[in-house]
Amino acid sequence: MKVLIVGSGAREHALAWRLRQSPGLTALWVASGNGGTAQIATNLNVSPGDVEAIPKYAKGLGIDLVVVGPEQPLAAGLVDRLDAAGIPAFGPTQAAAQIESSKGFALELMREAGVPCPEFNSFQDETLALSFLEKHSEPTVIKADGLAAGKGVFMCRTFEEAASAVRACMSQRVFGGAGDTVVIEEFLEGPEVSVFAFSDGERLSPPVAACDYKRLGDGDEGPNTGGMGSFAPPDFWNEELAGEITRTIMEPVIHALARRGTPYRGVLYAGIMLTNQGPKVLEFNCRFGDPESQVILPLLVGDPLDIMAACLEGQLADTPVEWSKRNYAGVVMVSAGYPEKYETGFEITGLDADEKNTNIFHAATRIESGRVVTNGGRVITVVGSGESLAEARDAAYHRVQSIGFQGASYRGDIADVEARTRLWLPDPAAPTG
């Protein structure tokens with residue numbers, strides 16, 4: 001098969017790396033890729049968001065399958081355009097992708113399907129939203145309804161914090177049109193987990209789970225980012241929990257979308273909080289996660305091309321999907337100043353070291369005069385593996401120490417389960433609802 005991957009981040013590098021292992025792959029392109037994908041595939045000079053140009057490129061190259069990585073082209077209807085051009089595409093249609101592109105849509109869908117989720121209210125008027133908050137003194141979660149690159153979520157324990165978040169979304173338009181509607185949700189507490197499963201529109205594969213880190217600094221301090229690291233599988237993940245989440249959350253949503261005439265084909269990603277009342281959905285995403293992909297794709301056993309084809313052909317029930325029991329930890333190295341202003345163009349050293357049980361997935365890199373240089377905020381993900389999570393964490397951080405670029409920084413507590421567990425414990429000084 002000739003395959004085109006759409007996207008330019010570490011997720012897409014991880015997809016390219018994993019698809020390269022498929023015996024059915026004959027040629028691989030990435031649009032637009034990065035310095036890492038350039039070493040194992042052919043990068044195309046076309047934006048991942050150019051939903052008109054990509055089908056033309058795919059047609060011209062004789063592509064057999066397009067794998068869409070990011071949420072933006074999915075929400076913009078790239079899969080619909082590829083379908084219309086007769087090109088198979090792995091990823092949901094625009095209608096099904098609303099499960100991520102509209103928080104309100106997802107919450108209404110969950111309500112319809114009887115899926116456990118937070119209590120919520122949606123507002124398109126800032127005054128009404130602030131009035132609602134004045135009458136609800138308990139902690140809340142404020143979300144920009146649309147796509148905001150993983151940064152449009154505010155955990156607010158006071159009215160002042162919540163009001164500031166609403167204003168940032170609606171009148172200050174920090175997230176542009178994504179914040180024209182805001183969703184105010186019940187504040188949930190407990191361990192968070194990202195759960196992924198393949199879907200052919202009617203059935204789901206066995207799920208896999210990972211935990212990620214959104215804030216910039218150790219101990220979950222600092223601003224929200226697109227993701228600073230992840231690990232898989234969590235120590236609390238087991239068959240019983242996987243079965244409960246599949247039965248009460250993933251399957252009802254897949255069936256509800258099928259009933260609406262918008263079957264979901266691709267990877268379904270549920271962000272879930274394990275509350276005292278059981279698992280509840282924080283959000284759904286319509287694609288592989290980033291940085292989670294970098295630690296779950298190495299866990300995938302079997303041929304990914306066979307699995308993706310089964311999703312498109314409605315044959316997932318006849319295609320085994322298994323996940324390895326090995327442990328993986330991924331540490332994201334970022335540019336100085338991220339997620340705000342940062343400089344680029346700095347050479348990255350130490351990438352060629354041959355260290356056992358490690359991988360490097362490029363995100364914001366490019367090749368310049370034969371050198372790999374930084375090209376954005378989140379630069380690379382360094383992944384370590386081991387028989388235990390501690391071994392995986394040690395391998396990742398050992399490799400991180402050998403890599404350098406000007407202003408490089410990273411969190412030091414990725415996959416530190418003891419530190420993460422402390423973050424789950426309730427704050428005795430926090431207000432209660």
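Reader: Where is the place of proline 304?
Author: In this predicted model, in which local features need pLDDT of at least 70, side-chain atom pairs count only at pLDDT 80 or more, and totals for chains, interfaces and linings use all residues, proline 304 sits in helix α11, residues 304–313 (helices are DSSP runs of H or I with at least four residues, strands runs of E with at least two, numbered from the N terminus). Residues are numbered from 1 along each chain as its sequence is written, and side-chain values use heavy atoms, with hydrogens and water left out.

Reader: Is proline 304 buried or exposed?
Author: Proline 304 is buried, because its relative accessible area is 5%, where buried means under 20%, exposed over 50% and partly exposed in between, with a 1.4 Å probe and protein chains only.

Reader: And which residues is proline 304 in contact with, leaving aside neighbours within four places in sequence?
Author: Those are Arg18, Leu19 and Ser22, contact being heavy atoms within 4.5 Å. The C-alpha atoms of proline 304 and serine 22 are separated by 6.8 Å, although the two residues are 282 apart along the chain.

Reader: Switching to aspartate 413, where is its place?
Author: Aspartate 413 lies in the loop between α12 (389–400) and α13 (417–424), and it counts as buried because its relative accessibility is 8%.

Reader: What does aspartate 413 touch, not counting residues up to four places away in sequence?
Author: Aspartate 413 touches Tyr213, Asp218, Gly219, Arg393 and Tyr397.
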